[in-house]
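Here's a quick briefing to read with the model open beside you.

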Amino acid sequence: MAMLILKVTYHVKSRMVNEFMTMLTDADIEEKVRVEEGCIKYYYTSHLENDTVILTECWESKEAQQKHLNQPYMSVVKALKEKYVLSTDVSQETESTFEEE
């Protein structure tokens, strides 16, 4: 099975990055996801200069990542995205292009 590496760029509403990050932190999203079966890495980085938040996630398999999407706390993430995010770009990386932000 091939490892799955995703880079998700959230284009956040103007000057709302810090609030979005605070809400994700308060909900313990990173901590909850990192203990999921198949999760290798999962972290958010904020970029105030261009109102973006980048999520980097690495999974043992696509199946593990798909199972992750159905976890109950992902509804919190969905609600936060609806409140703070204008658009989302997702790219799949390869192991050779994967670098920590």
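## Strands, a helix, some rings and a pocket

S2 (39–47) and S3 (52–59) pair in the antiparallel sense over 8 bridges; two strands count as paired if DSSP finds at least two bridges between them. Bear in mind that this is a predicted model, where local features need pLDDT of at least 70 and side-chain atom pairs count only at pLDDT 80 or more, while totals for chains, interfaces and linings use all residues. Residues are numbered from 1 along each chain as its sequence is written, and side-chain values use heavy atoms, with hydrogens and water left out. Helices (H or I, at least four residues) and strands (E, at least two) are DSSP runs, numbered from the N terminus.

**The hairpin**

- S2 and S3 form a hairpin with 4 residues between them.
- Asp51, in the turn, has a positive phi of about 50 degrees.
- Across the pairing, Tyr44 stands opposite Leu55 in S3.

**Helix H3 and its two faces**

- In H3 (residues 62–69), Ala64, Gln65 and His68 are buried, meaning under 20% relative accessible area, with exposed being over 50% and partly exposed in between (1.4 Å probe, protein chains only).
- Those three cover an arc of only 100 degrees around the axis, so they sit on the same side of H3; the arc is taken from the directions from the helix axis to the C-beta atoms.
- Turned away from the buried side is a face with the exposed residues Lys62, Glu63 and Lys67.
- The buried residues of H3 pack against S1 (4–12), H2 (29–34), S2, S3 and H4 (74–84), with contact meaning heavy atoms within 4.5 Å.

**Aromatic pairs**

- A search of the whole structure turns up 3 aromatic pairs. Rings of Phe, Tyr and Trp (its six-membered ring) pair if their centres lie within 6.5 Å; planes under 30 degrees apart count as stacked, over 60 as edge-to-face and the rest as tilted.
- Phe20 and Tyr84 make a tilted pair, 5.7 Å centre to centre with 40 degrees between the planes.
- Phe20 lies in H1 (residues 17–26) and Tyr84 in H4, so this pair ties together parts that are 64 residues apart in sequence.
- Both Phe20 and Tyr84 are buried.
- Tyr42 and Tyr44 have ring centres 5.7 Å apart and planes at 90 degrees, so theirs is an edge-to-face pair.
- Tyr42 is buried at 2% relative accessibility, and Tyr44 is buried at 8%.
- Ring pairs also link Tyr10, Phe20 and Tyr84 into a cluster.

**Positive phi in the loops**

- Most residues other than glycine have a negative phi.
- Arg15 is not a glycine, yet has a positive phi of about 60 degrees; you'll find Arg15 in the loop between S1 and H1, exposed at 77% relative accessible area.
- Asp28 also has a positive phi, near 55 degrees. Asp28 sits in the loop between H1 and H2 and counts as partly exposed at 37%.

**The largest pocket**

- The largest pocket is lined by 15 residues, and Tyr10, Glu57, Leu69, Met74 and Lys81 lie nearest its centre.
- S1, S3, H3, H4 and S4 (85–93) each supply at least two lining residues, and H4 gives the most, with 4.
- A pocket here is an open set of points on a 1 Å grid over the protein atoms alone, where a 1.4 Å probe fits, with protein on both sides within 12 Å along at least five of seven lines; lining residues have an atom within 4 Å of a point.
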